[in-house]
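Please keep the sequence and the structure in view while reading.

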Amino acid sequence: MKIYIRDGVIVEKGQEDRLVDTGGLVALPGLVDLHTHLREPGREDAETVLSGSRAAALGGFTAVCAMANTSPVADTAGVVEQVYRLGQEAGLVDVQPIGAVTVGLAGERLAELGAMADSRARVRVFSDDGHCVHDPRLMRRALEYVKAFDGVIAQHAEEPRLTEGAQMHEGTESARLGLTGWPAVAEESIIARDVLLAAHVGARLHICHVSTAGSVEIIRQAKARGIRVTAEVTPHHLLLTHELAGSYDPVYKVNPPLRTERDVNALREGLRDGTIDIIATDHAPHAAEDKECEWAYARPGMLGLETALSIAIHVLGQDWELIADRMSAAPARIAQLANHGQPLRPGSPANFTLVDPAARWTVEPHGLASLSHNTPYAGMVLPGRVVHTYLRGEQTVADGKVTK
Ligand SMILES: NC(=O)N[C@@H](CC(=O)O)C(=O)O
Ligand SMILES: [Zn+2]
């Protein structure tokens, strides 16, 4: 297949100023991640906008949405514009800042949502991720506010009163290991409440990192009732289970926690039937001091950008149409990223990635572009390798290496 490009846009044959021959590789629209933690400003030792952009491009992404739990928190126009500008300077993927819902993620007062929406960063997704927007009145107000510009509130669904001291999924393994559990109902009770609030307000709600079979069922019913809810699942929740906590290796510590095989199967089914709209990485880099310590003291979170596509291929098979929808078209639509997620045809921006589906590669934590090394896939042999990535017709990854 040949892709003809002019001024960063795909054009008809004969109109091009450059030509990309895909050879034997699979061409996918540039992947879009709705849930990336870039750690800048504040924890540039764990990740920067530049290092995270490199990881994203290598993973086949052309756009990432940067979560707001930085330091300072991205709760003002000033901070979201800073992150946006850093993304442009890095120039490897479009970095779309997510704004905080509440000031300082403290859950007490609404942040300046309108100023962030009107800023140069044009924020449309708001989230207190890492924390749940717990106060139902604040959640209602936030939904009402973003409805005006068809924005969306992305909820980290966790009832904090049910997860105090939680270290892992509450179940047979937590009982065996003697660790305090995070029960499925802590996630499900917030999702149930919030789909009802979204229905009441008529605004868009997005559920971050869905992890339980019960959550899938609640979202399925909400969608059947016409409620405007979308949902994401992470690669790790599609593959890994709570027994891994038995190793006491903090690389497996994550929020929400790894669940049971039954949950994994329900998440896969929900992703296939469209109940779950997208795969989002929840790329959560952490410095060694925060991760290579005792389980109880380790921060939750795992890397995801450089392995997401391979895990998707592993879980879904080489179903390119499904992968293009769940990892590009649907997340671009949810985040209102008009220049991403389009099919590769004339008129679309030349954002795409070329994948060798036959290649297999071994995950080496220190071989990744991320500044952190907390991948749960160390040593695993994964299918599918990103060979080239293009952003507006410019090559960001060439032969598996970033161009800047
Ligand atoms: N997922 C995690 O375990 N951690 C995330 C926060 C979050 O996504 O909830 C982080 O910022 O490290
Ligand atoms: Zn979260």
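## Conventions

A residue is called buried if 20 or more other C-beta atoms lie within 10 Å of its own, exposed if 12 or fewer do, and partly exposed in between, with C-beta atoms placed from the backbone. The model is predicted, so local features need pLDDT of at least 70 and side-chain atom pairs count only at pLDDT 80 or more, whereas totals for chains, interfaces and linings use all residues. Residues are numbered from 1 along each chain as its sequence is written, and chains are lettered from A and ligands numbered from 1 in the order in which they are written.

## The annotated aspartate

Aspartate 282 is buried, because 29 other C-beta atoms lie within 10 Å. The UniProt annotation "active site", from an unreviewed entry, covers Asp282; such positions are given in the numbering used here, feature names are shortened, and annotations may be inferred rather than shown by experiment.

Aspartate 282 is placed in the loop between strand 14 (278-279) and helix 9 (288-291), where helices (H or I, at least four residues) and strands (E, at least two) are DSSP runs numbered from the N terminus. Leaving aside residues up to four places away in sequence, aspartate 282 touches His35, His209, Thr234 and Gly304, a contact being a pair of residues whose C-beta atoms, placed from the backbone, lie within 7 Å.

## Secondary structure and packing

The protein has 11 helices and 18 strands, and buried residues make up 55% of its 404 residues. In helix 1 (residues 49-58), 10 of 10 residues are buried, including Arg54, and just after helix 1 glycine 60 takes a positive phi of about 95 degrees.

Three strands form an open antiparallel sheet in the order 2-1-3, two strands being paired if DSSP finds at least two bridges between them. The edge strands, each pairing on one side only, are strand 2 (9-10) and strand 3 (18-21). Two bridges join strand 1 (residues 2-6) to strand 2, and isoleucine 5 has isoleucine 10 as its bridge partner in strand 2.

Conventions:
Two residues are in contact if their C-beta atoms, placed from the backbone, lie within 7 Å.
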